[in-house]
Amino acid sequence: MSLVLENVNRSVDNTSYLKDINLSFEPGSFNVLLGRTLAGKTSLMRIIAGLDKVNSGKVIVDGVDVTEQSVQKRNISMVYQQFINYPNMNVYDNIASPLLLAGTPASEIKKRVQETAEMLRIEAFLKRYPLELSGGQQQRTAMARALVKDATILLFDEPLVNLDYKLREELRQELRELFKLRNSIAIYATTEPNEALALGGTTTLLHQGRVLQTGPAIEQYRYPINLDAADLYSEPPINILPGTISEQEVTFDEYASFPVAGHFKDVAVGAYRFGIRPSHMSLVPKNDDDIELAVQVEVAEISASETFLHVANKHFQLVLQLSGVHDYRTNTPVKIYLPPEKLFLFDFEGGIIKAPYPAREQGAQQHG
Amino acid sequence: MAEIRLKNLAHSYATDPEHTTDYAIHEMNHVWEQGGAYALLGPSGCGKSTLLNIISGLVIPSHGSVTFDGVEVNDISTQDRNIAQVFQFPVIYDSMTVYDNLAFPLRNMKVLESEIDAKVREVADILELSDILQRKANNLSADQKQKISMGRGLVRDDVSAILFDEPLTVIDPNLKWKLRRKLKQIHERYNITMVYVTHDQLEASTFADKIALMYEGKIVQFGTPRELFENPNHTFVGYFIGSPGMNLLKMTLSEQGAELGGITFGLNAEQRALLQGAKNAELTLGIRPEFVQLSAQQNEESLPCTIQHTEDLGTYKIVTVMLGDHSIKIRLDEEQQIPTQDAYLNFPNQWVKFYADDYLINSTEGEATSE
């Protein structure tokens, strides 16, 4: 099974939701759509499902143009953010419902429901009704219903967002295993970069209705195509400092400077925006050439094992992600250190000029 | 402003509760001090919303009492408790301007317009809503609406406490950071008792000075985020705090040390003494993924393991290894190398915790805070 979207556009009342989407999904692949709220993730899924119409463009499944085909004719399963189950049916009947509709023989239904329920670890609740289940169990039921039939395309629209984060952690791991066993195309939408990174597969970055980038999530984390992409992959958001590169020096607002070296060597002289991820800055220099900045603490957010230190001076506002507990009162002056070799370089339109990671091959390395 | 105290409080939704399972809240004594920033953290179904509703007066407890500054409020209505609440979904008047939304609680109290104006502008300034005061609320983004919800609590001087029920659920990840930081600043400035209910440990720990972690109707630990992380007094705390949670390995005692499914972890005299008293209990060894050391080199105390899987999350990596029959997760920094062939684990003694029937076996200094 293959799925291709060709120049897909969608707008409603002059508001554009999807712009020139060209994507192809490989048979048996697991895909993630990563983007903020209103980036176009749900719009895209609804078009793939046949729930919404395109304004222009084509949806092609296995070489056949299905753009005008109704949702019933497309062999698709979808799981939503909200737990959608039939409240008047027990878990067994909920899971069995798509098979009943398809006229599957009773013995086959029983076997498939049992298998799917076991896979999602809800086999003990088959006699219960949805409202007698926890949120996690309800969502597993909805997922089981989506997985029980051999859909060509499986769409998951932020299915874990309404669950406890612990449950999310567990289900995420299970999902990854589940999809490995299937031959359908799975597409999973999320707003969380960590989810894209943890799930693996091919990630498409969506931003304001456009595709920014497609590839493995870890590649996108290291080589974002622009500032929007870098920002989508940073939690807390990536720090941006305006500055200039001259023949000899890199300068941030005439405030701190360091010699042009490393990955900045062959960059044209001019004004740029420098990006640094919160986890790459520190309160103690790690190398002699780290850039020192004098700032004041705005607020220290202490999580259990880490501190998010929000700092500012009159030029910048930055956040550092530090391991350990660093309790600072508001307005305490501190010195922070930026390793120049970790800086991203963007132009003023947000396009990337340089990424701080050396060889591209490294990004593709993955175990297990 | 108030100190909130729960005295022998318990709650059952059943009319004639018989078994402990009939209770949504098991009997507890608990104090939230005036001006503190607290989180009530736990999985869904743990009773945290019930507890919040008891404080706000939406639910009347079946046993015990709630006091505000020493005065019992069990029979006092929500309005009269002067509690401000911020819910999961912003509750504001869409047809009103931002200004009128903020002024609403004060106008209800018949405060002078001049005073209202000063207060509304002050709060709008802090929440960065000054530029949109005259805009209608219906077209605003979720985070702005949520700021208005908060603002309506802040304009009132008589507020006993602000209760937050999962206030960031509908907010995009990048804006959550901003809003959370704002909350923290507001707390530093206004000195109001704040109780924040969430299932998200990051939100809980960054917001709160102290977290009450709830599990099955009980507060299993009340402490600073750091205490919950470094010294969980129950296996559930170990599991729930941290991402991934604590590695919890079932163990038995032997002459050689702790038997972990085919692997022996050597115990020092102090650890052995600690475990002596708990010989008959079900024992668990706990260590956080952050504290497990992974190396390609063997040393005297290292345990051999095999690497199963690596998740590269950009800023850090999660490595899953097998140690005997146990699957163990290790959290490594971005730059740390993963052994390609032979791999060995070390459990630094300071971070190894022992649990008897799920409760931490305390050394002398770490005292359990079950209150």
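1. The contact between the two chains may be taken up first. In this predicted model, chain B contributes 38 residues to the contact and chain A contributes 35 residues. On the side of chain B that touches chain A, the elements that give two or more residues are α5 (173–190), α6 (201–207), α7 (225–230) and β16 (303–312) of chain B. Of these, α5(B) provides the largest share, eight residues.

2. The composition of that side deserves a separate remark. The residues with which chain B touches chain A comprise 12 nonpolar, 15 polar and 11 charged residues. The reader may wish to keep this division in mind when turning to the contacts within each chain.

3. Chain A is assigned two domains, domain 1 (3–227) and domain 2 (232–364). The C-alpha centres of domain 1 of chain A and domain 2 of chain A are 37 Å apart. Their contact draws 17 residues from domain 1 of chain A and 13 residues from domain 2 of chain A.

4. Which elements of domain 1 of chain A each supply at least two residues of the side that touches domain 2 of chain A? They are α6 (193–199), β9 (202–207) and α7 (217–222) of chain A. The most is given by α7(A), with five residues. By class, this side of domain 1 of chain A holds 10 nonpolar, five polar and two charged residues.

5. Chain B is likewise described by its domain assignment, which gives domain 1 (4–235) and domain 2 (238–360). Here the C-alpha centres of domain 1 of chain B and domain 2 of chain B lie 38 Å apart. Nine residues of domain 1 of chain B meet 14 residues of domain 2 of chain B. The side of domain 1 of chain B that touches domain 2 of chain B consists, by class, of five nonpolar, four polar and no charged residues.

6. Helix α2 (residues 98–108) of chain B packs against helix α3 (residues 113–126) of chain B at an angle of about 130 degrees, and their axes are 10 Å apart. At this angle α2(B) is therefore oblique to α3(B). The crossing in which α2(B) passes α3(B) is right-handed.

7. The residues at this helix contact can be listed by name. From α2(B) come Y99(B), L102(B), A103(B), L106(B) and R107(B); from α3(B) come I116(B), K119(B), V120(B), V123(B) and A124(B). Taken by class, the contact of α2(B) with α3(B) has eight nonpolar, no polar and two charged residues.

8. In chain A, six strands form an open sheet with antiparallel pairing, in the order β13-β12-β11-β14-β19-β20. Its edge strands, β13 (256–259) and β20 (352–354) of chain A, each pair on one side only. On average, and with direction ignored, neighbouring strands of the sheet are turned by 35 degrees against each other.

9. How many bridges join strand β19 (residues 344–346) of chain A to β20(A)? There are two, and these strands run antiparallel. Within this pairing, F346(A) has I352(A) in β20(A) as its bridge partner. The strand β20(A) is also one of the edge strands of the sheet.

Methods
Residues numbered from 1 in each chain as written. Chains lettered and ligands numbered in written order. Predicted model: local features only at pLDDT ≥ 70, side-chain atom pairs only at ≥ 80, totals over all residues. Domains from an automatic or database assignment. Contact = placed C-beta atoms within 7 Å. Helix = DSSP H or I, 4+ residues; strand = E, 2+ residues; numbered from the N terminus. Nonpolar A, V, L, I, M, F, W, Y, C, P; charged D, E, K, R; others polar. Axes fitted to C-alpha atoms, helices over the stretch in contact; angles between N-to-C directions. Parallel < 35°, antiparallel > 145°, perpendicular 65-115°, else oblique. Left-handed = near helix turned anticlockwise from the far one by under 90°. Pairing = 2+ DSSP bridges.
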